[in-house]
Amino acid sequence: MLLQARIATCVFPGSAPPSPSTKCYRFIVENLENTERRHSPGKTTVNILCNKMQFSGGMRKKLKLAGDQRSASYPHSLQFYLQPPTENISLIEFENLAIDRVKLLKAVENLGVSYVKGTEQYQSKLEAEIRKLKFSYRENLEDEYEPRRRDHISHFVLRLAYCQSEDLRRWFIQQEMDLLRFRFNILPKDKIQDFLRDSHLHFEAISDEEKKLRTSELTTSSPSLSDLAVESVYKIPFADALDLFRARKVYLEDGFAYVPLKDIVAIVLNEFRTKLSKALALTARTLPAVQSDERLQPLLNHLSHSYTGQDYSTQGSAGKISLDQIDSLCTKSFPPCMRQLHKALRDNHHLRHGGRMQYGLFLKGIGLTLEQALQFWKQEFIRGKMDPDKFDKGYSYNIRHSFGKEGKRTDYTPFSCLKIILNNPPGQGDYHGCPFRHSDPDLLRQKLQSYKIPPAGINQILDLVKGTHYQVACQKYFEITHNMEDCGFSLNHPNQFFVESQRILSGGKDMKKESMQPETPQPKPSVQKTKEASSARASRSSSLDMEMEGLEDYFSEGFLGSA
């Protein structure tokens, strides 16, 4: 069947064409066998592929449901968001839900970088954030209809804002997956089977008799299976459990994988990611129809452009560093991914395209101008016996292109940690990527030793890497190299690593070109370290509060008057 959305402009019979303030778009998803276009007097209907949502400039007609109907609408504290909402909501509520959902996803991102996911500290802090924002999070709570309704609608609102580019979709999917993982992990065991069924995941727990027949195989092949008599085991098609099979965590028999309850979350998340990715792609294809409403276009653009984190473009930083400072800055303030690229470039006098893009945009973000970048790369490549004319013809165009001076004139921004970790893994002879994600553990240990990291710190970092907590491992590296116990911020960008390092090394002042010194400053006393961490945390909290207040002001001033 073809998933369709009908966006109908509602025209009241016998009246003039509606103004933008009275016009109501209705996004109605239907399963139809055929695509069709219908015309009737006084009403125009357009069929396009999209997800559904209804919103209106007028007063929202709130659904009044009996207790059983309310429970049936949202039977669980988590959901796959398979069915879009169908009620009318006012622009005021549309904006408020968008703000709260962004706050929630930003909290998910920051906590995921600051703490190891799944730990008690992470769980308690995230639960407090969800409770504060009045979203659903736990089963068996009284009067959960409104929090679950808010969760449902706000998810679809942000789909409209975060479907507009690959980076936005990647960020949105990652945070929604982390939120779903948290909710699934606290879901009572007796509710899991119902949730899987309601999410169209046809995974059935095997009977006690089947477990007894395969006791030896299940306990041998599944390290996470602590008590076979108590824990549920699910029989899942082999193709849906490839990641677990690759990690040798499941028992296979006759084309089925036998997955313990503790490991099934990986399959649930994979299914969720696939469905959400497809839904965002469909939404992106039909976004122009939504953006034609002058009230919504600036709202959605403001959401998508402001709150996935700073992009560290060159505005305000261009020209702040000179070429002869790069070597000393690399040792003091570059994250391991850029330190690795810089060393490879100095040793080999060449980097492949992936390395040039990752490192070149990072240098651009810390203040290298176009002229400096051309000079830097040309000098290094010529040392590798490359002819200057060959560089001018084959490489200088790409550098100018990354600065927005060639081609489609896009001013590219430095890669975030998420993009480096998830995209374009390095191959043989490549040096880009994330060392914590893409390096062999033994090789990573050698690199950390060469960076003068103490053995205890290396073990801490490698333990985090083993648990796939790559950004937390990088943050731990930052704290060790800057002699701090708590850096006071969530690290999610290589250029953020550089900026925060320079702020600490310069005593909290912004980096200035003339103040840069090649020698490494002495470690600060512990009292000073505590003050710096507290200052950084307070600064970050204040900055986030100001951003959110600005967003709320922007919405209220720019949109409520037109509703």
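The largest cavity is lined by 17 residues, and those nearest its centre are Arg 356, Trp 377, Asn 398, Ile 399 and Ser 402. A cavity is here a set of points, on a 1 Å grid over the protein atoms alone, where a 1.4 Å probe fits but cannot get out, and lining residues have an atom within 4 Å of a point. The model is a predicted one, in which local features need pLDDT of at least 70 and side-chain atom pairs count only at pLDDT 80 or more, while totals for chains, interfaces and linings use all residues. Residues are numbered from 1 along each chain as its sequence is written, and side-chain values use heavy atoms, with hydrogens and water left out.

**Cavities**

The structure holds six cavities of 30 Å³ or more, where a volume is the space filled by probe spheres set on grid points that are joined across faces, edges and corners. The table sets out two of them.

| Cavity | Volume | Lining residues by class |
|---|---|---|
| Largest | about 210 Å³ | eleven nonpolar, four polar, two charged |

Around the largest cavity, α15 (353-366), α16 (370-383) and α18 (396-402) each supply at least two lining residues, and α15 gives the most, with seven residues. These element names follow DSSP runs numbered from the N terminus, with helices (H or I) of at least four residues and strands (E) of at least two.

The second largest cavity is lined by 16 residues, of which Cys 337, Cys 417, Cys 434, Cys 474 and Pro 494 lie nearest its centre. At least two residues of this lining come from each of α14 (336-348), α19 (417-422), α20 (435-438), α23 (470-481) and α24 (494-505).

**A four-stranded sheet**

Four strands form an open, antiparallel sheet in the order β6-β7-β9-β8, where two strands pair if DSSP finds at least two bridges between them. Because β6 (204-205) and β8 (251-253) stand at the edges with a single partner strand each, one side of each is left without a neighbour in the sheet.

β8 pairs with β9 (residues 256-260) over three bridges in the antiparallel sense, and Leu 252 stands opposite Ala 257 in β9.

Helix α10 (residues 261-285) packs on the sheet, touching β7 (233-237) and β9, and its direction makes about 120° with that of β9. Contact means heavy atoms within 4.5 Å, and the axes behind such angles are lines fitted to C-alpha atoms, for helices over the stretch in contact, with angles running from 0 to 180 degrees between N-to-C directions.

**Salt bridges**

A search of the whole structure finds 34 salt bridges, each being a side-chain nitrogen of Lys or Arg within 4 Å of a carboxyl oxygen of Asp or Glu. One of them joins the side chains of Lys 106 and Glu 109, at 2.9 Å from N to O. Lys 106 and Glu 109 are separated by about one helical turn, because they are three residues apart in helix α2 (residues 91-114).

How values were computed
1 Å grid on protein atoms, 1.4 Å probe; cavity = no way out; pocket = protein on both sides within 12 Å on 5 of 7 lines; lining within 4 Å. Nonpolar A, V, L, I, M, F, W, Y, C, P; charged D, E, K, R; others polar.
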